[in-house]
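Colleague: I have not seen this structure before. Could you show me how to read a few of its features?

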Amino acid sequence: MAPGGSAFKEVIVSHLISSDYETSKAKSEAKSNITMTKSVVGLNRKNGISSKNGVHDLLECAVCKNLMYPPIHQCPNGHTLCSNCKIEVVHNICPTCHHDLGNIRCLALEKVAESLDLPCRYQTLGCHAIFPYYSKLKHEQNCGFRPYNCPYAGSECPVFGDIRTLVSHLKDDHNVDMHDGCTFNHRYIKANPFEVENATWMLTLDTAPVYMAFLRYMGDESEAMKFCYSLEVGANGRKLTWQGIPRSIRDHHRKVRDNQDGLIIQRKLALYFSGGDRKELKLRITGRIWKEG
């Protein structure tokens with residue numbers, strides 16, 4: 001396996017699972033003369049809606065340029081901003097006119113938002129559903145078409161996209177080995193066990209450093225729950241085994257690591273499995289993936 005992990009194609013459903021290896025070491029109300037009309041607003045690459053009768057300009061936060069949701073704030077001069085930016089502005093000063101913001105809710109604009117139906121921001125990725133303004137955000141947080149972040153555990157990679165895009169990205173940009181089938185056999189070799197790529201150090205309760213191996217499913221959690229996997233590592237007549245359910249790549253690899261949801265190998269034992277003078281890490285890990293039911 002290359003330092004970034006491996007991905008395995010499950011032969012039954014054509015999804016992919018990526019394998020991560022880690023050594024572990026444990027953010028006065030104002031009124032507006034606005035005509036409220038029921039309308040469906042189209043998508044825009046920037047933040048999900050395009051301009052229609054000025055609606056885009058009305059609902060865009062002046063600071064972060066994202067859509068605003070209640071409570072929507074405004075200064076005495078009518079400049080609006082979202083609640084998140086209201087908290088962040090320096091000295092409670094309007095970033096547009098530099099007057100004191102006070103604590104004014106723009107109820108009229110909130111009512112305008114209630115009158116709108118909007119498409120999902122992931123419309124271009126395949127979601128064609130239409131939602132009331134205040135339901136849109138909740139849907140988008142769980143939309144099946146929302147892109148995935150790169151699951152590579154060796155760095156905080158900013159790339160995101162659909163599964164097909166990420167598979168190509170892992171192969172081409174992170175040099176991740178890809179394996180077809182339901183079983184795999186991988187040998188991980190590192191001359192200096194203290195400098196393992198794709199890893200962060202954490203201490204267990206007895207302060208002994210450990211290595212950890214686990215699988216993550218390249219898809220949503222609802223699909224990941226349909227599978228099981230097992231891992232085995234050993235040598236010299238000894239072995240450790242692990243069986244579990246793969247985590248979705250929606251879960252960051254650090255979350256999986258911190259939950260210790262995988263095969264955990266004490267470093268001393270890992271070096272014993274490696275043989276020789278116990279100074280070079282040579283782990284042979286085998287595994288199997290199957291679909292339940």
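Modeller: Start with the naming of elements: helices and strands are DSSP runs, numbered from the N terminus, where a helix has at least four residues and a strand at least two. Keep in mind that this is a predicted model.

Colleague: How many helices and strands are in the protein chain?

Modeller: The chain contains eight helices and 18 strands.

Colleague: Where does N175 lie?

Modeller: N175 is in the loop that runs between α5 (163-173) and β11 (177-180). Its phi is positive, about 55°, although N175 is not a glycine.

Colleague: Is N175 buried or exposed?

Modeller: The cut-offs come first: under 20% relative accessible area is buried, over 50% is exposed, and partly exposed is in between. N175 has 53% relative accessibility, so it counts as exposed.

Colleague: Which loop holds N236?

Modeller: N236 is found between β14 (227-235) and β15 (238-244). Phi of N236 is near 55°, a positive value in a residue other than glycine. With a relative accessible area of 46%, N236 is partly exposed.

Colleague: What kind of peptide bond joins P70 and P71?

Modeller: The bond is cis, with omega at about 0°. P71 belongs to the loop between α1 (55-59) and β4 (73-74).

Colleague: And for the whole chain, what percentage of the residues count as buried?

Modeller: Of its 293 residues, 46% count as buried. The chain exposes about 15800 Å², and carbon and sulfur atoms supply 49% of that area.

Key:
Residues are numbered from 1 along each chain as its sequence is written. This is a predicted model: local features need pLDDT of at least 70, side-chain atom pairs count only at pLDDT 80 or more; totals for chains, interfaces and linings use all residues. Side-chain values use heavy atoms; hydrogens and water are left out. Buried means under 20% relative accessible area, exposed over 50%, partly exposed in between (1.4 Å probe, protein chains only). Accessible areas come from the Shrake-Rupley method with a 1.4 Å probe; for residues, only the protein chains shown count as cover.
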